[in-house]
Amino acid sequence: ANPLWANAKQIVSGTLGTAVVAGSAGTFIDIAGLAGTITTNPNTTLIVMARLGALINNTSTAGVTINLAIDGTVQGDESLFYYRSTTGGDDYKTAEIHHVVSGLAAASHILKFQWKVNAGTASIGNGFAGSRFDIIEI
């Protein structure tokens, strides 16, 4: 057994079918279906993982940026994952995201994956299954 899972205080998970975002350059918006609520204990650490399959932007050289917001605050340097299409249309990628969060107050917290594009239209899933996220409290 994986010690991380075995020692987890709680796990919140979710899956996603297909999501689409049109050109909203410079503005992060929620990825519908990729959000979870967790009530943390004192002095806890969260490990946040996501696998987003069949990520694509239909415009050549256009980018897709993915990040995580906790209680409305974007984490890190505003880019947990960045992908730039080289061909547009059929250049599918898989985003593997791992992020550690500490210092949260013992309370209920909303975690939402967000994304933005700098041009074109991006999608996740696009008819393929397999996108999911896990929030693990240790």
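Where is Asn-43 found? Asn-43 sits in the loop between E3 and E4. The model is predicted, so local features need pLDDT of at least 70 and side-chain atom pairs count only at pLDDT 80 or more, while totals for chains, interfaces and linings use all residues. Residues are numbered from 1 along each chain as its sequence is written, and side-chain values use heavy atoms, with hydrogens and water left out.

**Overall build**

- The protein has 1 helix and 11 strands; helices (H or I, at least four residues) and strands (E, at least two) are DSSP runs, numbered from the N terminus.
- Along the sequence, the pattern reads α-β-β-β-β-β-β-β-β-β-β-β.
- Of the 138 residues, 43% count as buried; buried means under 20% relative accessible area, exposed over 50%, and partly exposed in between (1.4 Å probe, protein chains only).
- Among contacts with a separation of 6 or more, 83% are between residues 24 or more positions apart; a contact means heavy atoms within 4.5 Å.
- The accessible surface comes to about 6500 Å², and 51% of this surface belongs to carbon and sulfur atoms; accessible areas come from the Shrake-Rupley method with a 1.4 Å probe, and for residues only the protein chains shown count as cover.

**Salt bridges**

- The structure holds 3 salt bridges, where a salt bridge is a side-chain nitrogen of Lys or Arg within 4 Å of a carboxyl oxygen of Asp or Glu.
- One of them joins the side chains of Asp-30 and Lys-112, at 3.3 Å from N to O.
- Asp-30 belongs to strand E3 (residues 29-39) and Lys-112 to strand E9 (residues 108-117), so this pair ties together parts that are 82 residues apart in sequence.
- Asp-30 is partly exposed because its relative accessibility is 38%, and Lys-112 is also partly exposed, at 31%.
- Another salt bridge is formed by Glu-96 and Arg-51, whose closest N and O atoms are 3.7 Å apart.
- This pair links distant parts of the chain, with Glu-96 in strand E8 (residues 93-102) and Arg-51 in strand E4 (residues 45-57), 45 residues apart.
- Glu-96 has a relative accessible area of 42%, so this residue is partly exposed; Arg-51, at 33%, also counts as partly exposed.
- Asp-134 and Arg-132 meet through their side chains in a salt bridge of 2.6 Å, N to O.
- Asp-134 is buried, because its relative accessible area is 9%, whereas Arg-132 is partly exposed at 34%.

**Aromatic pair**

- The structure holds 1 aromatic pair; rings of Phe, Tyr and Trp (its six-membered ring) pair if their centres lie within 6.5 Å, and planes under 30 degrees apart count as stacked, over 60 as edge-to-face and the rest as tilted.
- The ring centres of Phe-113 and Phe-133 are 6.2 Å apart and the planes stand at 55°, so the pair is tilted.
- Phe-113 lies in strand E9 and Phe-133 in strand E11 (residues 131-137), so the pair ties together parts that are 20 residues apart in sequence.
- Both Phe-113 and Phe-133 are buried.

**Positive phi in loops**

- Most residues other than glycine have a negative phi.
- Asn-43 has a positive phi, near 50°, although the residue is not glycine.
- Asn-43 counts as exposed because its relative accessibility is 78%.
- Asp-71, also a residue other than glycine, has a positive phi near 55°.
- Asp-71 is placed in the loop between strand E5 (63-70) and strand E6 (73-74), and with 42% relative accessibility it counts as partly exposed.
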